[in-house]
Amino acid sequence: MRILLLVSAFNGLTQRVWCDLKEGGHEVGVLLAPVHDDPSLVAAVEAIDPELILCPFLKHRVPEAVWGRYRTVVIHPGPVGDRGPSSLDHATLDGRERWGVTALSAVEEMDAGPVWATETFAMPEVPIAKSALYNGPVADAAMDCVAEVLRMVAAGEAPKPAEEWAAEVEGTGELPLLRRKAFEIDWSASATEITRRIAAADGAPGAPATVEGRTYCLFDAATTPEHHDDVEPGTVVGVDTDAVAIATGEGTLWVGYAARLEKKRGPKLPAAWVLDTRHAPYLRVPDALAETTYERDGDVGYLTLRSYSGAMHTQQCRRMTDALRKALIEDTTVLVVRGTEHAFSNGIHLGVIEAAQDPAAEAWDNIRAIDELCVAIAEAEQLTIAAFTANAGAGGVMAGLCADITVARAGVVLNPYYDMGIFGSELHTWGLPSRVGGEKADELLRAKLPISAAEAARIDMVSELGPRDEAEFDGWLRDLAQRFADPSAYAAAVDARESRRAAAMPMSYYQSIELAEMARDIFEDRHGFAAKRKAFVTKAAPTETPTKIRF
């Protein structure tokens, strides 16, 4: 089919749908519609003349001149009967046990059209950030809905009115838009309740809170049961690296990221950089927010790297490299390097770079720090397995390719690099060509477009593809690691590793070439890195659809 994706942004879900449709043989293009009343939108759609329009991420109504003429299906992040722009916010804030995704026809009223498909899922018992919910269970359910829409269109079937569908999730309806004030934090509440508010407000609008006389938005939260009777709720009571502990009415709240909130919100940065922690003692951060955790299972070690939204700043990269080197001197034979179920890595931290007093110097430090992590993986004596547990981009992808064996969870989207005005580092001039060949590597690096984990496996960019379900993938990964720890499989894998290394130059060769190019891009800004970085960090609305994703 000739399918148009009409979207507000080419975000994670849009990319996943785009990859799946293209790889399924459809003719697919994207049209960005960042504003509601763009007069050129209707003409652009008419010029494309699609057989089907899908809207996996659209913040406003589709014009009647479009949905009245073309079959237009909106993917709404709520179950049948749910309507409104803050669906995921309400689902998390209200403590829903189940939620859903619905594919419905665009009509005059938002989210009110006949239904093509719906899928429900269990909400996490411990609230997770809205962005993680969106890119995880919501995206999985959305893909199932898209598949059903395509089947129905091909079969000539029509959608049914919402009232003809059984209500799998009770108590839904038209829910109001939630603005920032709705997420305001009351420190007398329990840490669990406050964490839920922060998770619901993740990304935008952010949960506002007053901490020791100043106002902030808080992000990336977890709890511990310790209660601090000797201080007022809302007092900073501890710090561990980037995370800050705050007393509440019941238990302790840990916050990983924060932003100053004055007339408008400041940059979102590690919490210990924003909140006043001068008099805070050291407390151990809970594992839920720890940058690295290590566990051992016989001859296999598991190092989990965690970074909020996948971005890794300079000091974080250095600490992760230290943790990796420590794991590599354990007397195990296999080391699995994995992300969390919500993020693997997107490489350097553009937000921290943009907020730095000297962004170019910070970018240079960040690139060299992530390079050291990549070199440590690439030169490891243990057999290394990198697992793309969730979406990855840029340097995060390339770091994973430095491992001896790279695997991915089905449904994951990989962005080899973004169009950010920099050459790229992270040993990509070795890691990618050594897997897919020079010609394919050049094609991927020129295109700077996402590919699915399934496509990555097809072109040998990743070695194996695991199940989509997070729990099933974890079990699959452990079985795979134990398989490679077996002497016969281990020997064959090490032989393959040595052949790959023997065909390469020293890692310092690739690192030197890449850093020479990066230095010019960072300090001379020859390809617009500064402007592109600022647009990315501030989420500036695009002025036009990039040619490479259009029809």
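Across the whole structure, a search finds 36 salt bridges, a salt bridge being a side-chain nitrogen of Lys or Arg within 4 Å of a carboxyl oxygen of Asp or Glu. The model is predicted, so that local features need pLDDT of at least 70 and side-chain atom pairs count only at pLDDT 80 or more, while totals for chains, interfaces and linings use all residues. Residues are numbered from 1 along each chain as its sequence is written, and side-chain values use heavy atoms, with hydrogens and water left out.

Side chains of opposite charge can pair when their charged atoms come close. One of the pairs is formed by Asp365 and Arg368, whose side chains meet in a salt bridge at 2.8 Å from N to O. Both residues belong to helix H10 (residues 359-378), where they lie three residues apart, about one turn of the helix; helices (H or I, at least four residues) and strands (E, at least two) are DSSP runs, numbered from the N terminus. An α-helix has 3.6 residues a turn, so residues three or four places apart point the same way. Asp365 is partly exposed, with a relative accessible area of 24%, and Arg368 is likewise partly exposed, at 37%, where buried means under 20% relative accessible area, exposed over 50% and partly exposed in between (1.4 Å probe, protein chains only). Elsewhere, salt bridges that share partners join Arg16, Asp140, Asp144 and Arg468 into one network.

Two further pairs can be followed in the model. Arg260 forms a salt bridge with Glu262, and the closest N and O atoms of this pair are 2.3 Å apart; Arg260 is partly exposed at 26% relative accessibility, whereas Glu262, with a relative accessible area of 58%, counts as exposed. Glu157 and Arg151 also meet through their side chains in a salt bridge, with an N to O distance of 3.0 Å. Here Glu157 has a relative accessible area of 35% and is partly exposed, and Arg151 is partly exposed as well, at 39%.

Glu341, Asp469, Glu470 and Glu472 form a patch of negative charge, where Lys and Arg count as positive and Asp and Glu as negative, His and the chain ends not being counted. Patches are made of residues with over 30% relative accessible area and no salt bridge, like charges being joined within 9 Å and nonpolar side chains (Val, Leu, Ile, Met, Phe, Trp, Tyr) within 5 Å. The place of a charge is taken as NZ of Lys, CZ of Arg, CG of Asp or CD of Glu.

A nonpolar surface patch of about 280 Å² is made by Met505, Tyr509 and Ile513, accessible areas coming from the Shrake-Rupley method with a 1.4 Å probe, for which, in the case of residues, only the protein chains shown count as cover. Met505 sits in the loop between helix H17 (487-502) and helix H18 (507-524), and at 45% relative accessibility this residue counts as partly exposed.

Helix H6 (residues 191-200), by contrast with these surface sites, is mostly covered, eight of its 10 residues being buried. The buried residues of H6 are Ala191, Ile194, Thr195, Arg196, Arg197, Ile198, Ala199 and Ala200. What covers them includes helices H4 (87-93) and H5 (130-155), together with strands S7 (207-211), S8 (214-224) and S11 (252-260), with contact meaning heavy atoms within 4.5 Å.

Most residues other than glycine have a negative phi, and most peptide bonds are trans. The peptide bond from Ala204 to Pro205 is cis, with omega near 5°, and Pro205 is found in the loop between H6 and S7. In the loop between S7 and S8, Glu212 has a positive phi, near 50°, and is partly exposed at 46% relative accessibility. Asp460, which is not a glycine, has a positive phi of about 70° and is placed in the loop between helix H15 (453-458) and strand S23 (464-466).

Finally, Arg325 in helix H8 (residues 314-328) touches Glu372 and Ala376, not counting residues up to four places away in sequence. The C-alpha atoms of Arg325 and Ala380 are separated by 8.6 Å, although these residues are 55 residues apart along the chain.
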